[in-house]
Structure formats: structure tokens, C-alpha cells
Amino acid sequence: MGKYFGTDGFRGEANEVLTVEHAFKVGRFLGWYYGQEHKASVVLGKDTRRSSYMFEYALAAGLTASGADAYLLHVTTTPSVSYVTRTEDFDCGIMISASHNPYYDNGIKIIDGMGQKLDAKIEAKIEAYLDGEIGELPLAKKEHIGRTVDYSAGRNRYIGQLISLATRSFKNMRVGLDCANGSASAIAKSVYDALGAKTYVINNNPDGTNINTDCGSTHIEHLQAFVKEKNLDIAFAFDGDSDRCLAVDEEGKVVDGDLILYVCGKYLKERGRLNNDTIVTTIMSNLGLYKACDKAGIRYEKTAVGDKYVYENMVQNNYNLGGEQSGHIIFSKHATTGDGILTSLMLMEVVLEKKMSLAKLTEEVKIYPQLLKNVRVQDKKTARENPEVVKAVEAVAEELGDDGRILVRESGTEPVIRVMVEAATDELCEKYVNQVVDVMQAQGLIVE
């Protein structure tokens, strides 16, 4: 991870951590970098945050000042930017979003010409330019100055692509959608309406400050209540930029990314369409998923946390399904990044093809209780490698055996150690997490 760019772009509070000056310079660099041998073209999308407009204009100004043409998709989803970039021969794409963060944060996600997250080496060059380590870049002059182009047609083609992926009509299906007052507000309902569903939508009236506020995949309890109130067959919750999806079954129970991977993975395996009978997960996936996969004959890989690492593993090994517990699910036959609306359509395919409810499809998986505690420390590496802490972790792992697990890892963005335990009961989770945290406290590693 770099100084500015983490695993999912340059993110922080607008005009505090991430400023318009940063955005302008990112645009300047990208316009110059991709325009060294030809006139560069870059496609931009944004979510519904109030600051997204300011960053859109700053990025467009930087791009055009360096001679690139900036194509504006306006309010759209991260996966739509990825789709348009890779299918319409753009040099790169930019999504302005802080995903599931609160409205006052924002971010710049850069997507390469293949529709994938930008290579870390290029991000390092952008950071060097932001810090003045690279000399000033030449400004375009006269007819070489770039232009901005209204490109809402690109978003419409993405919507058409989503609709075309449905294998059956959604007629008579009562479907709920929680758009998180974010990017999905501009797309999700139109897709489901076109496919014939009886669509019930909440949180699709963005005002610039209500994105992710008590709604969407980070506050799914509201969608759970909505399912029961409206007697829905199935429902889906998206995050701010709609690259993740969680589902709610007809009983009002949450179906997270692990369960989605199981349902879709088993379905694809049964039809001979799951490459090498393998799904790709992260180390945060629940033990219950792995036990269910073992019974179903599904193999699995485990990567570091981050859909970026999931996709890298999928590409390297030619796997076609992977994702995270949080709802970033990648179907590589159709996309190069997590896509919330696409994920919901793939789940709908399983429900309709197998003529089974979502609750029935997930009943084989016993999700283990899980407890995660974030412990603020002076130094992450020192805390994690402390001999007494290591000994405590090993002791818990031995006690849990095959009936649970413990995971202790460093946060990628904060001075925090994350202690996670899965076990047969909530009480055991609490007991074993505290056992490790108490040792960290006794060793003087915790910052109050």
C-alpha cells in the first residue's frame, strides 16, 4: 500500500484528506501518462456524494489540461465504469466514490484499460507526482487541449448488458432493493423492472448527504424489516458505489457474501461451469462456508482481505467465481470487479432455475458465530509478533481444534490489530477473543 492509494484507491474525508488539488493533479498525471503516444481518452463516473461533483470537475480539468478527452458517465456504479473502460477501448477509467464510507468521505478509484484496478507501480508514480518528486508536466496547447464529452450512453449500454444476462423472466417475483441512496439508485430499479419483477425499492432518493446513512448493505436490518412488511420473495442491498451486494431471503434472514459464494458455486459446479470446481475466498470467510464446501465437493482458495487479491488469484489460476464475506462477488465470465447488481441477477438465476427459495438454498450452511475486536496499538508488527501474544493465539487455536478458528491480523489503514474468533457459540467467541486481548493488555501493547 502506498502513501495515498490503499487497496481500493485514494480515499479520505473530502477537502481534508482528499482535496480538489489532489484530484486535479491525478487528472494531470493520467492525461499525460496515457497521452504520451496518442491522444488519451478517459471515462469518469461518480456516486451521489455532494463532493463527487467537485472532484469530477477537478479530474476533468486535469485530464483536459494534459490533452486527454474526458468522457463523463455522471452518476453510475463502479462496475459500470469498469465495463465501459474495457469494452470501449478507453485508456483508463476513474470512479469517484468512497464506497460504503459516510457521505463526507470520498475517493478516487482508477481502473486500467482491461477494466481492472490500476497497477500499484503506476499508483506509485502518481503519488510521486502528488508529492512533487516528479517535475511539472507539460500543459496541452491550442488544438491539443482535451475536451469533455457527455457519455451517459455508456451507462445505458451497461444497463443493457445487465438485462441481457438474465436467463429467465422475473415475472411474479416480488423483489426488494435497497439502493443505499447511492449509485444503484440510477440503475437497479430499471434493470429489475425491465425483467418483469414486481420491484419494491427503498433508499433511492439521494440528496448528496444521505448515501449509506442508516441504509444499504452496511445497515441491512432495514431491508430485513421491509421484506417482512411487504412479504417479498427476495431482496438485495447495495453499497454506495454498488460494487457489493448482500441478500435477504424470504424469511428476513441475511445472506452474506459467503452464502452467496456457496449458492452460486454449488449451482455452477452442478452444471459443470465452475472452473476446477474452485471458489476464491479471503481469510475472513466463515468456517461454516468451508465445511459446507467440503461436503459439496467444492474446492477453495484463501487470499488476503480485499477483492483486489481475490481477482488476482482468479486470473492467475483461471477460476471464475470469488469474493468476500462483505458482498464483493466476482463472476469473471461477466466482469473484472465486484458488481452488486450483477451478483443479485446471478442469485436470481439460481432461485428461478432450481425453483427453490433462497432460504432453502442456504440451509445446508451452518454459519459459525464470529466475534471481531479491533485493538488500537502503538505498533502493529510489534504487537502481532509479541512472543506472549503468539503463544496465546496458538493456545486458542489448539483449544478450538476443528470446531473453530482464530485469526489475528494487522489493519491495512489504521494502527489496529484485528482479533477474530469463530466458534460454536457466542460465549466461546467472547472468551477466546478476550483471552488474547488480555495478554496484549498485560504486555503493554494497547493504546487506550
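Which residues does arginine 50 touch, not counting residues up to four places away in sequence? They are Asp207, Gly208 and Thr209. Bear in mind that this is a predicted model. Arginine 50 lies in helix H2, residues 50-65. Its relative accessibility is 57%, and exposed means over 50%, so arginine 50 counts as exposed. As for glutamate 414, it sits 364 residues from arginine 50 along the chain, with 26 Å between the two C-alpha atoms.

Next, a pair of helices. H8, residues 257-270, packs with H9, residues 287-296, at an angle of about 10°. Their axes are 10 Å apart. Angles under 35 degrees count as roughly parallel, so that is the label for H8 and H9. On the H8 side, the contact is made by Asp258, Tyr262 and Lys269. H9 contributes Leu289, Ala292, Cys293 and Ala296. Sorted by class, the contact has 5 nonpolar residues, 2 charged and no polar.

Last, helix H14, residues 387-400.

Which residues of H14 are buried? Val389, Ala392, Val393, Val396 and Leu400. Looking down the axis of H14, these buried residues fall within an arc of 100°, so they line one face of the helix. On the other side of H14, the exposed residues are Pro387, Lys391, Glu394 and Glu398. What covers the buried residues includes two helices, H13 (380-385) and H15 (426-442). The cover also includes strands E18 (405-410) and E19 (416-422).

How values were computed
Residues are numbered from 1 along each chain as its sequence is written. This is a predicted model: local features need pLDDT of at least 70, side-chain atom pairs count only at pLDDT 80 or more; totals for chains, interfaces and linings use all residues. Side-chain values use heavy atoms; hydrogens and water are left out. Axes are lines fitted to C-alpha atoms, for helices over the stretch in contact, and angles run from 0 to 180 degrees between N-to-C directions. Helices (H or I, at least four residues) and strands (E, at least two) are DSSP runs, numbered from the N terminus. Angles under 35 degrees count as roughly parallel, over 145 as roughly antiparallel, 65 to 115 as roughly perpendicular and the rest as oblique. Contact means heavy atoms within 4.5 Å. Ala, Val, Leu, Ile, Met, Phe, Trp, Tyr, Cys and Pro count as nonpolar, Asp, Glu, Lys and Arg as charged, and the others, Gly among them, as polar. Buried means under 20% relative accessible area, exposed over 50%, partly exposed in between (1.4 Å probe, protein chains only). The arc is that of the directions from the helix axis to the C-beta atoms.
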